[in-house]
Amino acid sequence: MAMDESADAAQPPAIDPAAFLAAAAEAANVADYLDEHRLNEIAETVIREHEIDLASMGDWRKRMQRGIDLASLVKEDKTYPFENPANVRYPLITTAALQFNARAYQAIVPSDDVVKVKVLGRDPQGQKAARAMRVGAHMSWQLTSQIEEWEPSTDELLTVLSIVGTLVRKVWYDPVEGRARVRLIRPGCFVVNAAVTSLPDAPRIGEVLTLFPTEIAERRRAGLFRDVEYAEPEGEDRDAAQEFVEQHRRLDLDEDGYGEPYIVTVHKKNRRVARIVADFEPGDVRMGEGGVIAINRGSYFVDYHFLPSVDGGFFGTGLGFLLGDISDTINSIINMMLDAGHMASRGGGFIGSEFRIKGGSQQFRPGEWKATGARGAEIKSAIVPLTFPGPDATLFNLLGLLIEAGKEVASVKDVLTGDVGGRALTATTTLALIEQGMQQFTAAYKRIFRSLKREFRLLARINARYLDPVAYSQFCDEADPAGNLMMVNPQMDYDLNGMDIEPVADPRSVSRMQEAAKAEIVMQMAERGLVDRAEASKRALQAASVPDVEALAPKPDPMQMQMAQMQMQAMQADLAIKMVGIEQALADLEKTRAETIKTVGEAAKSAALVRLDQARLALEAVRDGLGSTLGRGAGGVAGASGQPGSTGMPVGPVAAPAGGGPIGLVGGPGMAGGGSPVAPAA
């Protein structure tokens, strides 16, 4: 269909694909330009294929709802084995979901930063690192402050995900509020064919929207929905919510044989199209000589999976599926044991006709005796009690076995819940127990972090397109040399080339006990001098969630700094004196060498010169080492030989041998005093 101003305008003989797609991308509601017949066809197609996708999810939806009912401890009315029997629900799945949430939530949403940015490739001038710091700080502020719904949504996500296995979160830019928005889609309201393996490959993606009449009216007034009448709510509540189907799909509106991606919103009951908007931007269109080659669809949804699907489909597996049968059996055994104990305590039986009492059941109060007209022997022979054996020990043992099996699947171990039975465990032992107990969930945590990474990249693309440069520059608060606010381009900063955005938290450490155990190991290494003590202390404080770690760093004492500076100056002066002594020794050595050449015979001259050259090389090596130390500052000589900062060379003055002869070298050949060769030193 052509994008004509009038719905009744005749279709032109040919449609320019580029012009049509450009107009569709800019239109607030493409449905305003289509006739009613075409809109009805689109609505019928959307609802029909929505029902097809919903039917493919039937098995998963039943199991999902069962898991939610078990976790919510929903009770159904029971009449078996008698009226109002025991109806207890053991919170096996509930406990597992709460433990998973407690461990993952505090790791994913730490007290300070949420997002970190890693620099990729070379960065000689540090420009990438500066961008990374700005982007990481800004996105962390967005997720924890500006997007107010993100943290509560994450809390709910980490609770429900472990039960149902798959949840989807939607991230988009809201032009009304002028910011990015995040919404967790309720289980069962996200509709995609169960045979789909990944969302980018899905031919269509649906979402069931529940809107109240006021929300519908606001969308009509804002021009987001068509100004038509939708179905009125039925029943007494005139303000009841109505259901819409929002489907991300392809429609061939320009009739070129290739479907363009659109977002179609249809009222589910009366099947009227409320909105059609392009799900692409002009930059997503690839054109060729023959027209459109491909159009990339927009990305709004991020799927989270607790465990992958065992049949290779889209929807995964949760604790509600894994523990459903075990939880039902535990509930049945508990209620059977309670009913058996109840029956055994109440008693009951048959009364013979010879025992004449008033009809009906007889209730006894504690300590009560009732008089009858019959003799005791007659009463004893007339009453035949039924035998109720009470709770069975086999059922009790089976109950304990099932509970332990459920805890094994749910990884609800004593050490993970903070209970170590009063035992004093070392850091390495505690860490090993935690790692062993969390093996089942380690992969689940990594899947969550992988999805979070995709969500952060999606938010970064939204920021690159919609973020206000002035607001972003004010947040960065960078000034030029004159003190004026520097403008920072968010589109350039949020260019993902050369950097990688990911969560701050470590998916391998999702509990405080793990972080504390690792910190203790690092501190033990610091005690042995294997790692830096200051850095180890900093990490230990961070693992303990101590705020303002930098403020706790020890402050230097001015007097100590002054004394250290004086010591450095004294050491530099001492090194300078040693350098002077070595230079003097080298001069004396050259003088001795010249005299040796003149006075020593040819037979001994060669050996003497070799020894003198060796002595000269050794002195020059010492001189060069001292010169390098002086160039680095006196701090370079703080360590002794074999310690960091030491040159490994002797730094004391080199003494001349007695008698004014040349320098004697310890362990090396020399010449005797008076210009003759020196004998080796003892």
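Is Phe280 buried or exposed, and what is its relative accessible area? Phe280 is buried, at 5% relative accessible area, where buried means under 20%, exposed means over 50% and partly exposed covers what is in between, using a 1.4 Å probe and protein chains only. The model here is a predicted one, so local features need pLDDT of at least 70 and side-chain atom pairs count only at pLDDT 80 or more, while totals for chains, interfaces and linings use all residues. Residues are numbered from 1 along each chain as its sequence is written, and side-chain values use heavy atoms, with hydrogens and water left out.

On to the rings. The structure holds 14 aromatic pairs; rings of Phe, Tyr and Trp (its six-membered ring) pair if their centres lie within 6.5 Å, and planes under 30 degrees apart count as stacked, over 60 as edge-to-face and the rest as tilted. One of them is Tyr262 with Phe280, an edge-to-face pair with 6.1 Å between centres and 75° between planes. This pair ties together distant parts of the chain: Tyr262 belongs to strand 7 (residues 260-267), and Phe280, 18 residues apart from it, to the loop between strand 8 (273-278) and strand 9 (285-288). Helices (H or I, at least four residues) and strands (E, at least two) are DSSP runs, numbered from the N terminus. Tyr262 is buried too, with a relative accessible area of 0%.

Phe314 and Phe315 also pair up edge-to-face, at 5.0 Å centre to centre and 85° between the planes.

Next come the helices. Helix 11 (residues 393-410) runs for 18 residues and reaches 26 Å from first C-alpha to last, close to the expected 26 Å, that expected span being 1.5 Å times one less than the number of residues. Leu399, Leu402, Ile403, Gly406 and Ala410 are buried in helix 11. These residues sit on the same side of helix 11 because they cover an arc of only 100° around the axis, taken from the directions from the helix axis to the C-beta atoms. On the other side of helix 11, Ala393, Thr394, Asn397, Leu401 and Glu404 are exposed.

Helix 18 (residues 558-599) has 42 residues, which should span 62 Å at 1.5 Å a residue; its end C-alpha atoms are 61 Å apart, which agrees. The buried residues of helix 18 include Leu575, Lys578, Met579 and Ile582.
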